[in-house]
Amino acid sequence: MAFRIQWDDVPEKADADNFASLYSMEKDSENSVNQADSSSSEEKEKHIFIEGDNYPALKFLQKDYSGKIDFIYIDPPYNTGKTNFTYNDSFNVDSWLSFMNRRLQIAKDLLSERGCIFIAIGQEELYRLKLLCDQIFGEENFINDFMWLHGKGKKDSFSRTMQQSNICYAKNRKKLKAFSDYEITDWAKNNLDDDERGNWFSGSISFSEERSNSEHPNFYEIISPSGVKWNRQWLIKKAEMENLLAQNKIYWGQSPEYNNVPRRKIFNGEKTEIIPKNIIDGAESTRSAQNHVDALLGEKNSFDNPKPVNLIQHLIQITGMPDNITVLDFFAGSGTTFEAVIRQNQQDNGKRRCIIIQKPEKIEKSPLYKNIAHLCFTRIKKIIPPQDGIEYYRCTENSKK
């Protein structure tokens, strides 16, 4: 049975029917960064940076980007009750739920049918956020909570919290490509057939006869060295199976019978595809992420608790989405998502495009940066490749222009 979360709604100015007359979205050509060779016939679509409140900015984006965003990552306020961070992180529950609901409703509309959203959150609001997202995206579209092990943890008298959550929802789970990851084998300790290549372990490579679909393209026959025939649905195409057979990477059991269910031999040092784990323990720590941002910005602790670039890059990678997707982050913070997109493009020669939104919230403790949007865009200009361009927009209340 689905549970629904209820709260007293707290309206925002951008809810008004005359929204378009209250706010403006205008390009700032002076701050925009053009590509080095803008005359090229293969000019990429430019990235987009929007300075302003993300709620009206998202409403403006709906006009051109409804159903066109493939990947969303956001790191919203965790509602810790503290006000000593770079931004205010203290709401009452009704305000926080109203705040998140409005933005996530638009996020759902912006997602493509194949798209998904990752939302970083602490334990303070994890369970309310899960119920809220079940209502917005549908609990049938929940993928998992990808928990990042972030370092020494946050402790109190009873426990030490070692993880931060990244809950993931699909726009339409049936149309979202299955996630995948890779790992390097280093735990094989046996060599049952004295293979000269060293230790290996065996991995499943087929469905049982009962579960096999005889109409599936991967349903075919292979024959063991002793003549045992195996007709079933395999996890790989026939051409790949023939390649493994030629390399003696199929284990049939002990000779001379060779009558075990065929399994794949995986040697230490081999890279194999796996279903992603929901525990992320290979990303950088909170401290290393902070050191990286401090070095880029030339100022210590001007932005609190940035996420590591390789965490968001990992989330992009496991989706297996095409290398020309559009990525959105409407709580851009210091700009980590943008750097993750740039790094991934550099790694696989991709053409991913990034749209990020950041409110110009004042930073009290920074002598170098007047607000978070200024800090974020400074980071962007330091890391953007010369062949990329970025358009700078300002979303403002007309009364404040």
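Helices, of at least four residues, and strands, of at least two, are taken here as DSSP runs and numbered from the N terminus. By this assignment the protein chain of the predicted model has nine helices and 18 strands. Its C-alpha atoms fill a box of roughly 85 × 55 × 45 Å along the principal axes. Of the 401 residues in the chain, 48% count as buried. The accessible surface amounts to about 20,600 Å², and carbon and sulfur atoms account for 46% of that area. The chain carries 54 positive and 58 negative charges, whose mean positions are 2 Å apart.

In soluble globular proteins, nonpolar side chains tend to be buried together. The largest nonpolar core in this chain has 80 residues, and F71, L104, I117, L129 and L328 have the most contacts inside it. Helix α3, residues 93–110, supplies the largest share of this core, with eight residues. Another core, of ten residues, lies apart from it and includes I222, W230, I236 and W252.

Beyond its neighbours within four places in sequence, L328 is in contact with several residues, among them F71, L110, I355 and I357. The contacts of L328 also include L58 and L61, both of which are buried residues of helix α2. This helix spans residues 54–65, and N54, Y55, P56, A57 and Y65 are buried in it as well. At its N-terminal end α2 is capped by D53, with a side-chain oxygen 3.1 Å from the backbone nitrogen of Y55. After α2 comes G67, which has a positive phi near 75 degrees.

Notes. Residues numbered from 1 in each chain as written. Predicted model: local features only at pLDDT ≥ 70, side-chain atom pairs only at ≥ 80, totals over all residues. Heavy atoms only, no water. Buried < 20%, exposed > 50% of the residue type's maximum accessible area, 1.4 Å probe, protein only. Polar contact = N/O pair within 3.5 Å; in protein donor to acceptor, adjacent residues only side chain to side chain. Areas by Shrake-Rupley, 256 points an atom, 1.4 Å probe, with all protein chains shown as cover. Lys, Arg positive; Asp, Glu negative; His and termini not counted. Charge placed at Lys NZ, Arg CZ, Asp CG, Glu CD. Core = buried A, V, L, I, M, F, W, Y, C linked by side-chain atoms within 4.5 Å. Contact = heavy atoms within 4.5 Å.
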